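Dear colleague,

I am passing on the structure below, together with some notes on its packing. Please read the notes with the model open beside them.

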Amino acid sequence: HAADKEGRDGPRGVVRAEHRSGSTDAAAAAAMEPPPIVPTGGMTTFNMQHGFTEALVRGMRSGFLKDQDYHHLTQCENLEDVKMNLQETDYDQFLSDVTTVTPSIIQQKATEKMVIEFQYMRAHSVEPLSSFMDFIAIEYMIENVMLLLKGTLSGRDVNELMEQCHPLGMFKESTMRLCTAFDNSPKGYSDLYQTVLVETPVGKYFSEILAQKSAMLENAGEVRNVLEEVEIEILKNSLMKLYLEDFYYFCQEIGGETAPLMCELLKAKSDQRAINITLNSFGTPLNEPSMRDGDGWPTRKSLYPSIGFLYPEGTELLVNVSDEQTLGVAMEKIGGIYSSIWNTHVNEAISDKSIDDAFFEREVEMLELAFENQMHFACFYAYTKLKEQEIRNLVWISECIVQQQKEEVNKFVPCFSASAPWRNRRP
């Protein structure tokens, strides 16, 4: 059949002249067009492109620690017992080459295991899932860049900083080291901001900030103010705002089941950031009346993502608060889950639960529910974030054992727990 086809149309891969002449212009125009985002499809098309990778992540979902695993871990007397109990779980021999177990070693090895699994799934993905998973990694890249900048400003050793970087947020090592190699001079800071940072994988977000701060950056002597330790968190929050908005609109373009599920998760993440930014601004320049509102950068309002369940009415309420009392009034007006989360913060001394714990509980609930739907990308995001929570749980339990604080050992948020409060909630 191949020979017959070759006889009719000429050698394979050669376009017949009469067809070529009529399609050259169209082909050239098509080559100039950016490739469209491939739709994720529904039941009839999703599995052709992403079925295997989704099967991988749903198989890995069964590897999360169970309630009985947590029970055994909390009964351990030392970290060697923890190591032995983890050998009976999906973590298996991940500590086999470790002679002395510490909480930091457990965190490091568990994170490495999670990253290997993430990269394995990424290697088997095709567009647009591969770009979606790259978006997940960008958050950790932002964390790494901020760690390098903050550590360099504090005079810490570059090798020590590189070791502390999250492995999921690693990019070209030479570029990462350049982030720490700038001269302690106005021109050094200007070159760092305008040439090095914009070359990182998160460079497009730095470019947007660069455009917002162009007037200041024309004066190289003022660039260091942007990178001072007191403003590193402002810079980080600005990058995270742009990242969350970019990820949100990318998920909307993907469509399908991915769009509503991921947009809900990113809205909740944006709301959490807006509330935490407001709470952490008290006692800082960002709480001054002139720094709360306005279109300039940085103002407190400019750090709030322009997405979320709170946006825009709720974030407008947050802009005008000046202390915890007025923030509490705003949260009561917002109502719903955020009023309940704020009450947790107010009653922290009684309930022994912080506002971060309340946010973690809500996030875990939403992430677990992402696994209840089929044929979407949100389960990859949920898997990564739930593994991150599980690692936090392991570190917490280990620290409590080391410090002999056994009465505190159960104060963590398990994943896929049959006894989770939201699973037992009655309508």
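The largest nonpolar core has 99 residues, among which Phe132, Phe206, Phe247 and Phe380 touch the most other members. Here a nonpolar core is a set of buried Ala, Val, Leu, Ile, Met, Phe, Trp, Tyr and Cys residues joined through side-chain atoms within 4.5 Å, and buried means under 20% relative accessible area with a 1.4 Å probe, protein chains only. Helix α7 (residues 129-153) gives this core its largest share, 14 residues; helices are DSSP runs of H or I, at least four residues, numbered from the N terminus. A second, separate core of 21 residues includes Ile234, Ile277, Tyr304 and Trp342.

This is a predicted model, in which local features need pLDDT of at least 70 and side-chain atom pairs count only at pLDDT 80 or more, while totals for chains, interfaces and linings use all residues. Residues are numbered from 1 along each chain as its sequence is written, and side-chain values use heavy atoms, with hydrogens and water left out.

Trp342 also belongs to helix α20 (residues 336-346), where Tyr338, Ser339, Ile341, Trp342, Thr344 and His345 are buried.

Elsewhere, Thr53, Leu56, Val57 and Met60 in α3 meet Glu117, Tyr120 and Met121 in α6. The residues of this contact of α3 with α6 comprise five nonpolar, one polar and one charged, where Ala, Val, Leu, Ile, Met, Phe, Trp, Tyr, Cys and Pro count as nonpolar, Asp, Glu, Lys and Arg as charged, and the others, Gly among them, as polar.

With best wishes

Methods. Buried means under 20% relative accessible area, exposed over 50%, partly exposed in between (1.4 Å probe, protein chains only). Helices (H or I, at least four residues) and strands (E, at least two) are DSSP runs, numbered from the N terminus. Contact means heavy atoms within 4.5 Å.
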